[in-house]
Amino acid sequence: MASYDITVRGAGVMGLSVAYVCARRGARVQVVDPNGPASGASGGIVGALAPHTPENWNPKKAFQFDSLMMSGDFWQGVEVTSGLPTGYARTGRIQPIADDHALGLAQARAETSKTLWQGRATWTIEDAGDWAPLSPSGEIIHDTLSARLMPRQATLSLAAAVTALGGSVVPDAPDSGAVLWATGVTDLDEMTAQHTRLVGAGIKGQAALIAYDARDLPQLFGDTVHIIPHHDGTTAIGSTTERDFKNTDLDALLDDVLTRAYGVAPMLRDAPVIERWAGVRPRARSRAPMIGHHPFRTGHFIANGGFKIGFGMAPKLAEVMADLILEGRDAIPDGFEATASL
Ligand SMILES: Cc1cc2nc3c(=O)[nH]c(=O)nc-3n(C[C@H](O)[C@H](O)[C@H](O)COP(=O)(O)OP(=O)(O)OC[C@H]3O[C@@H](n4cnc5c(N)ncnc54)[C@H](O)[C@@H]3O)c2cc1C
């Protein structure tokens, strides 16, 4: 029987990115998932890697900023190792400015971004161009920190990269070495069943992919809808946020999202919808990632709670988890420890 340094349970972006970083550092890694890579939330189509607003800085925002800054090298390394695309590009983001109040906030954030983003990305107010025609004020926020990738392809690329580094990705295998649980909503439900109160829960999201080629343009965020041009000539539109749901069926709530997207960007209206997709986001009670030592499986580790920003957090989170698992070095920021959600 083969022996490994680490067994990762769950082949979504959380598990695979930790497996990939550990394999790059020379560890023998196996990833086990009965449903295969990208079969959970990570098999989606939206892929906005967008920052929090540059104000009221806290450890979560700082961690996400670092992770976004690491993303270019991280995903390029995955592509080179696997030979498969991830769809990553730092194309920026545009947000319409609704009124004077929003303009005032945007101006304040333009100032704070200069310090908080350390001159490594900008948040500026500009005239709305053709790509964001329906900005009520005629002005938009343009940030150069936001990036995008294609989640499903990025996850499959990660799995291929793990294999290329000598690791294995299999449907079933016994534990060998250290064990990391990255099983998303399944583990949140299992932990809640073992605890006296909610540890986390799934939040359903529906999104669509349309045949509109805007591949080099920034993503748009308006009327709470993300519009993400992808590298392959498609554009993603998402997503719903559904706490109460019975299944992952697609329904009229997705049509509402599309209608709002067409309001923000009317030129998308005639583009054919080529895919409708629904998934369930793993949301920890703290709303922050849940990483470190597993609170219920003694001696094991956990990487969960990616919620709406799992792909944005993955590069840094994977490094921090590799530090802990391989070297016993705990650099987990306050509030991200798994115990914060108990
Ligand atoms: C509609 C929607 C839009 C989103 N948009 C974005 C976005 O724009 N940007 C962003 O950063 N994030 C986004 N997210 C969030 C992101 O997709 C998640 O944070 C991320 O995919 C979570 O990854 P994960 O690996 O924790 O979970 P998952 O991808 O769900 O992976 C968990 C895996 O565990 C496996 N598993 C379950 N039980 C077991 C077991 N016992 N043993 C082994 N394996 C098991 C499952 O088969 C699954 O493959 C979105 C999510 C949705 C649903």
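**Figure 1. Domain assignment of the chain in the predicted model.** The assignment divides the chain of this predicted model into domain 1, domain 2 and domain 3. Domain 1 is made of the segments 6-88, 146-197 and 285-341. Domain 2 covers 93-144, and domain 3 covers 200-284.

**Figure 2. Contact of domain 2 with domain 3.** The C-alpha centres of these two domains are 22 Å apart. On the domain 2 side, 9 residues take part in the contact, and they meet 14 residues of domain 3. Between them the two domains bury about 980 Å², and carbon and sulfur atoms account for 74% of this area. Of the area that domain 2 buries against domain 3, 65% comes from Arg93, Trp131 and Leu134, more than from any other three residues.

**Figure 3. Packing of helix 1 on helix 7.** Helix 1 spans residues 13-24 and helix 7 spans residues 310-327. Their axes lie 8 Å apart, and the packing angle is about 50°. The two helices are therefore oblique to each other, and helix 1 passes helix 7 in a right-handed crossing. Helix 1 contributes Val13, Met14, Ser17, Val18, Val21 and Cys22 to the contact. From helix 7 come Gly310, Phe311, Ala314, Leu317, Ala318, Glu319, Met321, Ala322, Ile325 and Leu326. Sorted by class, the residues of this contact are 13 nonpolar, 2 polar and 1 charged.

**Figure 4. Packing of helix 1 on helix 2.** The axes of helix 1 and helix 2 are 12 Å apart, at an angle of about 75°. This pair is therefore roughly perpendicular. In helix 1 the contact residues are Val13, Ser17, Tyr20, Val21 and Arg24. Their partners in helix 2 are Phe74, Trp75, Gly77, Val78 and Thr81. The contact of helix 1 with helix 2 has 6 nonpolar, 3 polar and 1 charged residues.

**Figure 5. Packing of helix 2 on helix 4.** Helix 2 runs over residues 59-82 and helix 4 over residues 151-164. Their axes come within 8 Å and cross at roughly 60°, which makes helix 2 oblique to helix 4. The crossing of helix 2 past helix 4 is left-handed. Phe74, Trp75, Val78, Glu79, Thr81 and Ser82 of helix 2 meet Ala154, Ser157, Leu158, Ala160, Ala161 and Ala164 of helix 4. By class, this contact holds 8 nonpolar, 3 polar and 1 charged residues.

Figure 6. Most residues other than glycine have a negative phi, and most peptide bonds are trans. Asp223 has a positive phi, near 50°, and is a residue other than glycine. Asp223 sits in the loop that joins strand 11 (219-222) and strand 12 (225-229). The peptide bond from Gly238 to Ser239 is cis, and its omega is near -5°. Ser239 belongs to the loop between strand 13 (235-238) and helix 6 (252-264).

Definitions and conventions: Residues numbered from 1 in each chain as written. Predicted model: local features only at pLDDT ≥ 70, side-chain atom pairs only at ≥ 80, totals over all residues. Heavy atoms only, no water. Axes fitted to C-alpha atoms, helices over the stretch in contact; angles between N-to-C directions. Helix = DSSP H or I, 4+ residues; strand = E, 2+ residues; numbered from the N terminus. Parallel < 35°, antiparallel > 145°, perpendicular 65-115°, else oblique. Left-handed = near helix turned anticlockwise from the far one by under 90°. Contact = heavy atoms within 4.5 Å. Nonpolar A, V, L, I, M, F, W, Y, C, P; charged D, E, K, R; others polar. Domains from an automatic or database assignment. Buried area = accessible area lost by both parts, 1.4 Å probe.
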